[in-house]
Amino acid sequence: MKRILSLDGGGIRGALTLGYLEKIEKTIQEKENNPKLKIYEYFDLIGGTSTGAIIAAGLCIGMTASEIKDLYLRLGDKIFGKKRRFFKNPFKWYKADYDYKPLEEELKKVFRDYTLGSDQIKTSLCIITKRIDTLSTWPLTNHPKAKYYEKNKGILLYKLIRASTAAPTYFQPQKINVGANEIGTFIDGGVSLANNPSLQLFLLTTLKGFPYNWETGANNLSIYSIGTGTSTKRYNYEKMLKKGKLGWARLMPEIFMEDANYLNQTLLQYMSQPPSTSQEIDREIGNLKNDNLTSKPLLHYIRYNVLLDENELNDLGYTDLTEEHINSLREMSESKNKELLYEIGSKAAEREVKIYHFK
């Protein structure tokens, strides 16, 4: 059995992911009867996009979920604490809302001079970023037989992570020498079909053009996918009619990311034998429990996520949150919510994560 851990992007909402990961770590320790087992020892591949790339890389160098949580809660205010103001420095404000240097400095402290090919990475890692000067999505892996491994193995790990987290308007793009003195410009991997990287990781490990070539089947391949919180959206129709060019430009990434998440979730549930974690895709097709793409499921697929709306939060015990506070929980840069998001993830994990999910 090959096991993949897939971690979504979502900015500061990655704190929610860590609530799930602490529970998963305890669950697999119980399952394997090993209280010292670390997540990287259980999973054959850990992949992430954007904030998920930070967490994935941390796990792959041997950090525990609790260690990454402590780091994350400490980093939140440094990364998103000071938004640039137009009147103070209009040129920098025009390029990005936040200064990337505090994030880069903290990443350097954790990942030092490790490269993609470093033996400090203890299991297979995949960091997903978007090369914007070629419009191509890059799933960068440390597998030694990957086609471009020799060109990419010397890239500093912190630079790859910074590239994967360079969300347009939030942070400036990252320049990386990708070999033969060719400079690529990279942005957040979430500006692609892979903000939820699960489908990309399935393709990475099963298609012949990639180096893994793992066997498909529910008893051969498992993907455990963790989100950063989601929400149902409905905008005022009159405001939508009045949007100008700038308003539509700001909204387009969200529109495309919603479609990408919808497609990924639909395909993965369609290809698998949906367990108790299956989500309702929409009111028309439901959760696909009665649908299968093939006569035999192609994988064992588990998806953990939280719907950040009033009913779901009430069920978790948060009955006094205002509509304004709930809306702020959905934002990717509200660092003031980091502890609460972590608590929400922990409570949801206690309810959802079951030992029988892990094969």
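How do α3 and α8 run relative to each other, roughly parallel or roughly antiparallel? Residues are numbered from 1 along each chain as its sequence is written, and side-chain values use heavy atoms, leaving out hydrogens and water. Because the model is predicted, local features need pLDDT of at least 70 and side-chain atom pairs count only at pLDDT 80 or more, while totals for chains, interfaces and linings use all residues.

**View 1. Helix α3 against helix α8.** The axes of α3 and α8 come within 7 Å and cross at roughly 155°; axes here are lines fitted to C-alpha atoms, for helices over the stretch in contact, and angles run from 0 to 180 degrees between N-to-C directions. The two helices are therefore roughly antiparallel (angles under 35 degrees count as roughly parallel, over 145 as roughly antiparallel, 65 to 115 as roughly perpendicular and the rest as oblique). Look for Ala53, Ile54 and Ala57 of α3 meeting Leu157, Ile161 and Ser164 of α8, where contact means heavy atoms within 4.5 Å. By class, this contact has five nonpolar, one polar and no charged residues (Ala, Val, Leu, Ile, Met, Phe, Trp, Tyr, Cys and Pro count as nonpolar, Asp, Glu, Lys and Arg as charged, and the others, Gly among them, as polar).

**View 2. Helix α3 beside helix α6.** Here the axes come within 11 Å and cross at roughly 15°, so α3 and α6 are roughly parallel to each other. The crossing of this pair is left-handed. Ile54, Ala57 and Gly58 of α3 make the contact with Leu103, Leu107 and Phe111 of α6. Five of these residues are nonpolar, one is polar and none is charged.

**View 3. Helix α6 packed on helix α8.** Helix α6 (residues 101-111) and helix α8 (residues 157-164) have axes 9 Å apart and pack at an angle of about 140°. That angle makes α6 oblique to α8, and the crossing is right-handed. From α6 come Leu103, Glu104, Leu107, Lys108 and Phe111, and from α8 come Leu157, Tyr158, Ile161 and Arg162. This contact of α6 with α8 includes six nonpolar, no polar and three charged residues.

**View 4. Helix α3 and its two ends.** Ten of the ten residues of α3 are buried, so the helix is largely enclosed by the rest of the structure (buried means under 20% relative accessible area, exposed over 50%, partly exposed in between, with a 1.4 Å probe and protein chains only). Among the buried residues are Thr51, Gly52, Ile55 and Cys60. Ser50 sits in the loop between β2 (45-49) and α3 (51-60) and has a positive phi of about 60° although it is not a glycine. Ser50 also counts as buried, at 5% relative accessibility. Just after α3, Gly62 takes a positive phi of about 100°.

**View 5. Phe111 and the nonpolar cores.** The largest nonpolar core has 70 residues, and Phe111 is listed with Leu5, Leu21 and Ile46 as having the most contacts inside it (a nonpolar core is a set of buried Ala, Val, Leu, Ile, Met, Phe, Trp, Tyr and Cys residues joined through side-chain atoms within 4.5 Å). Leaving aside neighbours within four places in sequence, Phe111 is in contact with Ile54, Ala57, Gly58, Ile61, Leu157, Tyr158 and Ile161.

**View 6. Leu135 in its loop.** Leu135 lies between β3 (124-131) and β4 (136-141). Phi of Leu135 is near 60°, a positive value in a residue other than glycine. Leu135 is exposed, with a relative accessible area of 62%.

**View 7. Ser222 in strand β7.** Ser222 belongs to β7 (residues 221-226) and is buried, with a relative accessible area of 0%. Not counting residues up to four places away in sequence, Ser222 touches Met1, Lys2, Arg3, Ile4, His300 and Lys359.

**View 8. The whole chain, for orientation.** The chain comes to 14 helices and eight strands (helices, H or I of at least four residues, and strands, E of at least two, are DSSP runs numbered from the N terminus). Buried residues make up 55% of the 359 residues.

How values were computed:
A crossing is left-handed if the near helix is turned anticlockwise from the far one by less than a right angle, and right-handed if clockwise.
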